[in-house]
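Let's take a walk through this chain, starting with the overall layout and then moving into the sheet. Keep the 3D view open as you read.

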Amino acid sequence: MGKSPPPLKVQHQHHSTEQDAFEAFTESLTCPINLQPFHDPVTAQDGYTYERDAIEAWFAAKKHATSPFTRETLGSRKLIPSVGMRRVIAAFEPVKATHLHSLSRVRETQEALVRLERENRELSRKLELSRRKRGDLDRVRNLVSMFGKPEKRITKKQFIADMERLLK
């Protein structure tokens, strides 16, 4: 017989942010087989909760009832409605809606901040160019004034060379 796939793993981890904790909690309200939110949660003989359609399809694909988590044979295909999970899901719905609304506002704010930072960089770049042009203009004025003063007279060749240096 072919080797069976490895059992599903339950991950227990420390959540560093409220968002991580929210996502982990939301994930716990999803079926480990089809990864969809529970609508008709049931508990199998292995003690884990599954979406009814998903675990029934799992059993139908097997010759005998096995646990999706442990791959061990179950004593029965009996499924028990998970009343507790249904209550948790019902209680969580308003919290989820509020949290998702808050998340969308946070995302909008983050996107606006990114746009403002981009605009700020562009304005800073333009300001720096403007300052350079202002400095170049002052140097040109200085050269032009020197070109016309007899005591500081420079040659046309020197004037052109200085202008070329400025414009590089």
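First, a caveat: what you're looking at is a predicted model. The chain has four helices and three strands, and if you read along the sequence they come in the pattern α-β-β-α-β-α-α.

Now for the sheet. It's an open one made of three strands, ordered E2-E1-E3, and the pairing is antiparallel. Strand E2 (49–51) and strand E3 (80–81) stand at the edges with a single partner strand each, so one side of each has no neighbour in the sheet.

Zoom in on where E1 meets E3. E1 covers residues 41–43, and two bridges join it to E3, with the two strands running antiparallel. Which residue of E3 stands opposite Val 42? That's Pro 81.

Next, look for what lies across the sheet strands. Helix H2, residues 52–61, lies across E1, E2 and E3. Relative to E2, helix H2 runs at about 95°.

Finally, step back to the whole chain and some totals. Of its 168 residues, 23% are buried. The chain exposes about 13,000 Å², and carbon and sulfur atoms supply 56% of that area. As for contacts, take those with a separation of 6 or more: residues 24 or more positions apart account for 40% of them.

Definitions and conventions
Residues numbered from 1 in each chain as written. Predicted model: local features only at pLDDT ≥ 70, side-chain atom pairs only at ≥ 80, totals over all residues. Heavy atoms only, no water. Buried < 20%, exposed > 50% of the residue type's maximum accessible area, 1.4 Å probe, protein only. Contact = heavy atoms within 4.5 Å. Areas by Shrake-Rupley, 256 points an atom, 1.4 Å probe, with all protein chains shown as cover. Pairing = 2+ DSSP bridges. Axes fitted to C-alpha atoms, helices over the stretch in contact; angles between N-to-C directions.
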